[in-house]
Amino acid sequence: MKYVAGLDGGGTKTAVTVLDENGGTVSTFGSGALNFNGADEAAVLRTFRDIFNGIAEACGGLDNCAQVAVGAAGVSNPAVTARIENAVRHCGHRGGLVIMGDQEAAHYGAHEGGPGIILIAGTGTICYGRNEAGHTHRTGGFGHLIDDEGSGYSIGRELLTALVKAFDGRAPATPISAMVHERLGTKTVGDVIAFVYDRSRSKKDVAALAPILSEACGLGDEAALAIADRSAAALVELVVPVAAKLSLQRGELAPIGSVLLKNVYVRSAFEEKLGRVLPELRVISAKRDASFGAALMALRRQDAREGENSPC
Ligand SMILES: Nc1ncnc2c1ncn2[C@@H]1O[C@H](COP(=O)(O)OP(=O)(O)OP(=O)(O)O)[C@@H](O)[C@H]1O
């Protein structure tokens with residue numbers, strides 16, 4: 001019996017799925033972050049070792065794992081793929097290895113290997129589609145400094161903007177101000193500015209404010225509802241060219257990530273706007289997660305390999 005494994009390597013954690021040769025799930029488990037930009041080599045290696053120990057346990061030995069697929073951010077950089085390959089081989093995996101972008105793994109899972117579009121709106125945003133012919137297109141995901149509108153980061157930033165505008169009189173008072181102060185443990189605008197420009201803070205700290213938007217929208221606050229509306233519009237903007245370039249206007253779109261899955265105001269504004277421009281695109285729930293997607297990709301690769309090697 002041969003097994004395959006799929007990894008969804010993220011900046012905060014890695015999810016792993018091990019499948020048997022019939023596509024049945026044998027094991028799912030989590031491990032540490034696989035962050036190739038910034039994290040030290042030793043930490044990445046430790047995580048890989050932990051992951052491959054888990055795979056070996058699930059497969060009754062690493063030699064029973066015929067194929068591994070790794071989905072991770074930054075793999076368009078050859079240095080990153082080389083690091084992943086080195087680490088995987090260092091851990092003793094001798095079978096096949098597929099390395100792909102994290103959005104490809106998420107897509108493969110969401111549509112179970114079939115055609116369609118995914119729209120990820122978490123800390124960042126990215127839209128990615130693949131059609132029946134295997135053509136792909138991606139929009140967004142170019143980073144929070146110049147892109148990623150509609151993301152958790154951009155919502156957090158807009159909440160902070162709402163606070164300073166209400167403070168200096170450019171906009172009416174909003175309950176967002178008190179909510180942001182409560183979340184940050186701050187009292188004055190000066191404290192908030194100190195938080196924003198503290199070098200030890202990252203985009204994740206700003207993105208962590210985004211859940212406030214649901215609360216403020218729930219109070220019917222105009223500023224909050226406008227942020228939800230702008231975010232929804234930016235997310236629709238990501239989908240339109242992907243659907244057009246891949247002729248997927250009548251296909252399926254799976255939203256992924258907390259902004260669209262947890263914020264009902266952004267979600268309903270998004271679906272309403274999307275329905276106006278792409279009325280035949282169906283919004284579905286992702287069928288599987290990205291680690292399952294990676295494992296499925298590994299299984300198909302293994303089946304193709306065995307097909308090539310079979311005598312008839
Ligand atoms: N109720 C909410 N309304 C709006 N945004 C939210 C809400 N809850 C969470 N978020 C945003 O979603 C972000 C987390 O996204 P997610 O859970 O999809 O994982 P992630 O892996 O951190 O994101 P990414 O895939 O971009 O790295 C939070 O940082 C926050 O900005």
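**The shell around the ligand**

Modeller: By class, the shell around the ligand consists of eight nonpolar, eleven polar and one charged residues. The model is a predicted one. In total, 20 residues surround the ligand, and the closest of them are Gly122, Gly152, Ala210, Ser258 and Asn263. Three helices, α4 (152-168), α8 (212-218) and α10 (258-262), each supply at least two residues of this shell.

The sheet may be taken next. Five strands form an open sheet with mixed pairing, in the order β8-β7-β6-β9-β10. Its edge strands, each of which pairs on one side only, are β8 (136-139) and β10 (282-283). Strand β7 (residues 125-130) runs antiparallel to β8 and is joined to that strand by four bridges. Within this pairing, tyrosine 128 stands opposite arginine 138 of β8. Helix α9 (residues 222-245) lies across β6 (116-121), β7, β8 and β9 (252-256), and the helix runs at about 160 degrees to β6.

The loop between α9 and β9 contains leucine 248. This leucine 248 counts as buried because 24 other C-beta atoms lie within 10 Å, where 20 or more are required. Leaving aside neighbours within four places in sequence, leucine 248 is in contact with Pro115, Gly116, Ile117, Gly129, Asn131 and Ala243. Glutamate 57, by contrast, is 191 residues from leucine 248 in sequence and 41 Å from it in space, C-alpha to C-alpha.

Another loop, between β8 and α4, holds aspartate 148. Although aspartate 148 is not a glycine, its phi is positive, at about 65 degrees. Most residues other than glycine have a negative phi. Aspartate 148 is buried, because 24 other C-beta atoms are found within 10 Å.

Glutamate 112 also has a positive phi, near 45 degrees, and is likewise a residue other than glycine. With 14 other C-beta atoms within 10 Å, glutamate 112 is partly exposed, since the partly exposed class lies between the limits of 12 or fewer for exposed and 20 or more for buried.

Domain 1 comprises 3-112 + 288-309, and domain 2 comprises 123-283. Their centres, taken over C-alpha atoms, are separated by 30 Å. Five residues from domain 1 and seven residues from domain 2 make up the contact. On the side of domain 1 that touches domain 2, the classes are two nonpolar, three polar and no charged residues.

Methods:
Residues are numbered from 1 along each chain as its sequence is written. This is a predicted model: local features need pLDDT of at least 70, side-chain atom pairs count only at pLDDT 80 or more; totals for chains, interfaces and linings use all residues. Two strands pair if DSSP finds at least two bridges between them. Two residues are in contact if their C-beta atoms, placed from the backbone, lie within 7 Å. Axes are lines fitted to C-alpha atoms, for helices over the stretch in contact, and angles run from 0 to 180 degrees between N-to-C directions. A residue is near a molecule or strand if its C-beta atom, placed from the backbone, lies within 6 Å of it. Ala, Val, Leu, Ile, Met, Phe, Trp, Tyr, Cys and Pro count as nonpolar, Asp, Glu, Lys and Arg as charged, and the others, Gly among them, as polar. Domain bounds come from an automatic or database domain assignment.
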